[in-house]
Amino acid sequence: MRITLTINNLKRDVEIAPGEVLYDVLKKCGISSVKKGCGTANCGVCTVLLNGRPIPSCSYLAVRADGHCITTIEGVEEEADNIGSLMNEEGAVQCGFCTPGFLLTAIAMKRELNNPTEEEIKSYLLGNLCRCSGYEGQMRAVKRYMEVSQ
Amino acid sequence: MKIKEYVKPVSIEAANELCSKGAVVLGGGAFLNLGDKAIETAIDLCDLEMDFVVEDEKQVEIGAMATLRDIEKSAILQKNFCGILSKAAASIMGVQVRNIATIGGSVYGKYGFSDLLTVLLALDAEIELFNAGRMNLQSFLDREPEKDILLKIILKKNVSRASFTCMRKTETDFSVLNTAMAIVEGQLRLAVGARPGKARLAKGAMGYFSPADYSTKAAAALALLAAEELHFGSDIRASEEYRKELCKTMVKRCAMEVLA
């Protein structure tokens, strides 16, 4: 079946199978930043933004995204660069596998929440697991990022 | 999960016709990759405007396709029922999953681990099915599975106090146990879920206890009664014995919050 996705502001007609998940279709479309971790919507590594909301692309049927806007790191370069630099400064990145999903969730949070508390930040980022960092550096970077944006 | 054909019906009647022929209604799809089930025809209700949360003077209605995030952020649900439905939704997994998982999927699936079922049972929720019509949630949970389509969940505004608590090994895991308590039209309702079986009312304890007779001692007695009358089981998360002990503490805490 044929669907139309707007990926990072670019309309794409894609041939898909009915049970194909969005992650696989994005890969077919040449989007390389999105990673797959658990494959069961638990780790947040495959996060993309669907109409601005973070979702697990490994567990979202591509056909459901027909006619909708998908954003990956490639579509938010400036914002990703801003928070990415802070992550580097705070020593928040080691292997980097979780970073694209983490950044997208942080960017969605910045757009959605106004002046969030530390607890609200932690709660919003709960679904993004990182097996390297221990989260302290990430929290420092995200807090700075949220302050800069106010 | 393997899906051979995907259909977005334009009406609930069309969805029901497909359903009667064996098609499967999709919820949020959060558990798509947790099984290897083969589905001939999957029905997606996403175009049928069933993601509402609305209220009038007497009740709140929640469409089956409302996501857990919709429920978490709904001003209507934050201000009604002491906010426990919103609170329970907010504690489920990460924001990514809550943006896709639906309340209809949780309720129709009768999942043992569901936090929302426990809360809805304590709040004396009713549901509306396309074919079977309106019934209370307890009746739905007790009846044998039948092909139908869940349309909405109805909550009457007759709850004066309510509390929800859950225990997890990690923040994004399923609950080891969850408890919800509410005073509905002056009567106490107590539900315990993730036992690991689906949520149940502790009817014996509910009958024994009058909200007017509250004391710390009475709360402990209520918790003990609930732990004795409900059945608990063992699974990868906890043993039967551990759940029973947890139940005593969690029910007591709920009682102290609701009744004190």
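Domain bounds here come from an automatic or database domain assignment. For chain A, that assignment gives domain 1 (2-73) and domain 2 (76-149). The model is predicted. The predictor gives the complex an ipTM of 0.95 and a pTM of 0.94. Chain B has a mean pLDDT of 94, and 100% of its residues reach 70 or more.

The two domains of chain A were examined next. Their centres, taken over C-alpha atoms, are separated by 21 Å. Domain 1 of chain A brings 15 residues to the contact, and domain 2 of chain A brings 14 residues. On the side of domain 1 that touches domain 2, two elements of chain A give two or more residues: strand 3 (47-50) and strand 4. Strand 3 of chain A supplies the largest share, three residues. By residue class, this side of domain 1 of chain A divides into eight nonpolar, five polar and two charged residues.

Chain A also meets chain B. Here 24 residues of chain A are in contact with 22 residues of chain B. Strand 4 (residues 53-56) of chain A gives the most to the side of chain A that touches chain B, with four residues. The residues on that side of chain A comprise twelve nonpolar, ten polar and two charged.

In soluble globular proteins, nonpolar side chains tend to be buried together. The largest nonpolar core in this model holds 133 residues. Within this core, B:Val119, B:Leu120, B:Ala122, B:Met181, B:Leu190 and B:Ala226 touch the most other members. Helix 11 (residues 240-259) of chain B contributes the largest share of the core, eight residues.

Helix 7 (residues 115-122) of chain B was then considered. Eight of its eight residues are buried, so helix 7 of chain B is largely enclosed by the rest of the structure. The buried residues are B:Asp115, B:Leu116, B:Leu117, B:Thr118, B:Val119, B:Leu120, B:Leu121 and B:Ala122. B:Val119 illustrates the packing. Leaving aside residues up to four places away in sequence, B:Val119 touches B:Ile84, B:Leu85, B:Ala88, B:Phe164 and B:Ala180. After helix 7 of chain B comes B:Asp124, which has a positive phi, near 60 degrees.

Terms used. Residues are numbered from 1 along each chain as its sequence is written. Chains are lettered from A and ligands numbered from 1 in the order in which they are written. This is a predicted model: local features need pLDDT of at least 70, side-chain atom pairs count only at pLDDT 80 or more; totals for chains, interfaces and linings use all residues. Two residues are in contact if their C-beta atoms, placed from the backbone, lie within 7 Å. Ala, Val, Leu, Ile, Met, Phe, Trp, Tyr, Cys and Pro count as nonpolar, Asp, Glu, Lys and Arg as charged, and the others, Gly among them, as polar. A nonpolar core is a set of buried Ala, Val, Leu, Ile, Met, Phe, Trp, Tyr and Cys residues joined through C-beta atoms within 7 Å. A residue is buried if 20 or more other C-beta atoms lie within 10 Å of its own, exposed if 12 or fewer, and partly exposed in between; C-beta atoms are placed from the backbone. pLDDT is the predictor's confidence in each residue, from 0 to 100.
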